[in-house]
Amino acid sequence: KILYSEEKGYSNKEREQNKPYIYGNIFTNMKAVVDNSEKYGPVQDKSAEQAFKDLQTADDKPPPEIDAAIATTLKNLWNDAGLQETWKNRGNFQVQDALKYYMDEIDRIAAPGWQPNDADILRSRVRTTGIQEENYKIDGVNFATFDVGGQRNERKKWIHCFDQVTAVIFVAAISEYN
């Protein structure tokens, strides 16, 4: 999309639409590290841990928009020695490596008027439901790519996409391999 689509990247609307996913990725992954911290390196700053837990929303509600105050809470927790020890052991539990990137960029993300850049969007994880189609033209050759949900209940939605297929590319995160 960034290199070969006619738009050459994400529109302002798409960038805005990605904000909740990025906020969600930050909160979900930080929660995963906190939840595993008792096993790998207990959080030492209990007030930072509690402040983070107070920010948690119900699963059916979107995460809060990250502002300067929330960024401070996240940074305090992230800089905790026990949490960093847990982060070093992240290969033992499910968490995205993108969390470190987002925490390195948290002040920019929390700034008023922040708009996700390409790197922010590319590092976000968005669960695919249904079929997402993108069309590209590379060296005069038209390509159509289909991003399909890999979950079992999604497969019936995309099995028909295999008519007249000339190539199948399976994509998996190398960071998920142990």
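The axes of helices H1 and H2 come within 11 Å of each other and cross at roughly 135 degrees; axes here are lines fitted to C-alpha atoms, for helices over the stretch in contact, and angles run from 0 to 180 degrees between N-to-C directions. H1 and H2 are therefore oblique to each other, given that angles under 35 degrees count as roughly parallel, over 145 as roughly antiparallel, 65 to 115 as roughly perpendicular and the rest as oblique. The crossing of H1 and H2 is left-handed, a term that applies if the near helix is turned anticlockwise from the far one by less than a right angle, whereas clockwise gives right-handed. On the H1 side, the contact (heavy atoms within 4.5 Å) is made by Phe-27, Met-30, Lys-31, Val-34, Ser-37 and Glu-38. On the H2 side, Lys-46, Glu-49, Phe-52, Lys-53 and Leu-55 take part. Sorted by class, the contact of H1 with H2 has five nonpolar, one polar and five charged residues; Ala, Val, Leu, Ile, Met, Phe, Trp, Tyr, Cys and Pro count as nonpolar, Asp, Glu, Lys and Arg as charged, and the others, Gly among them, as polar.

The model is predicted, so local features need pLDDT of at least 70 and side-chain atom pairs count only at pLDDT 80 or more, while totals for chains, interfaces and linings use all residues. Residues are numbered from 1 along each chain as its sequence is written, and side-chain values use heavy atoms, with hydrogens and water left out.

As a whole, the chain has eight helices and two strands, where helices (H or I, at least four residues) and strands (E, at least two) are DSSP runs numbered from the N terminus. Their order along the sequence is α-α-α-α-α-α-α-β-β-α. The C-alpha trace spans about 55 × 35 × 30 Å along its principal axes. Of the contacts in the chain with a separation of 6 or more, 63% are between residues 24 or more positions apart. Buried residues make up 33% of the 178 residues; buried means under 20% relative accessible area, exposed over 50%, and partly exposed in between (1.4 Å probe, protein chains only).

Two further helix pairs extend the picture. The axes of H2 and H3 come within 9 Å and cross at roughly 135 degrees, which means that H2 is oblique to H3. This crossing is left-handed. Ala-48, Glu-49, Ala-51, Phe-52 and Leu-55 of H2 meet Ile-70, Thr-73, Leu-74, Asn-76 and Leu-77 of H3. These residues divide into seven nonpolar, two polar and one charged. For H1 (residues 12–40) and H4 (residues 81–88), the axes come within 8 Å and cross at roughly 95 degrees; the two helices are therefore roughly perpendicular. Here Met-30, Val-33, Val-34, Asn-36, Ser-37 and Tyr-40 in H1 face Leu-83, Glu-85, Thr-86 and Trp-87 in H4. The contact of H1 with H4 has six nonpolar, three polar and one charged residues.

In soluble globular proteins, nonpolar side chains tend to be buried together. The largest nonpolar core of this chain has 31 residues, of which Ile-26, Met-30, Ile-66, Leu-74, Leu-77 and Leu-83 touch the most other members. A nonpolar core is a set of buried Ala, Val, Leu, Ile, Met, Phe, Trp, Tyr and Cys residues joined through side-chain atoms within 4.5 Å. The elements giving two or more residues to this core are H1, H2 (46–55), H3 (68–78), H4, H5 (98–104) and H6 (106–110). H1 provides the largest share, nine residues.

Contacts of individual residues can be followed from Met-30. Not counting residues up to four places away in sequence, Met-30 touches Phe-52, Leu-74, Leu-77, Trp-78, Leu-83, Leu-99 and Met-103. Trp-78 lies in H3 and counts as buried because its relative accessibility is 8%.

Lys-13, found in H1, is exposed because its relative accessible area is 60%. The C-alpha atoms of Lys-13 and Gln-115 are 10.0 Å apart, although 102 residues separate them in sequence. Asp-139 is placed in the loop between strand S1 (131–138) and S2, and its phi is near 50 degrees, a positive value in a residue other than glycine. At 78% relative accessibility, Asp-139 counts as exposed. Asp-147, in strand S2 (residues 141–148), counts as partly exposed at 40% relative accessibility.
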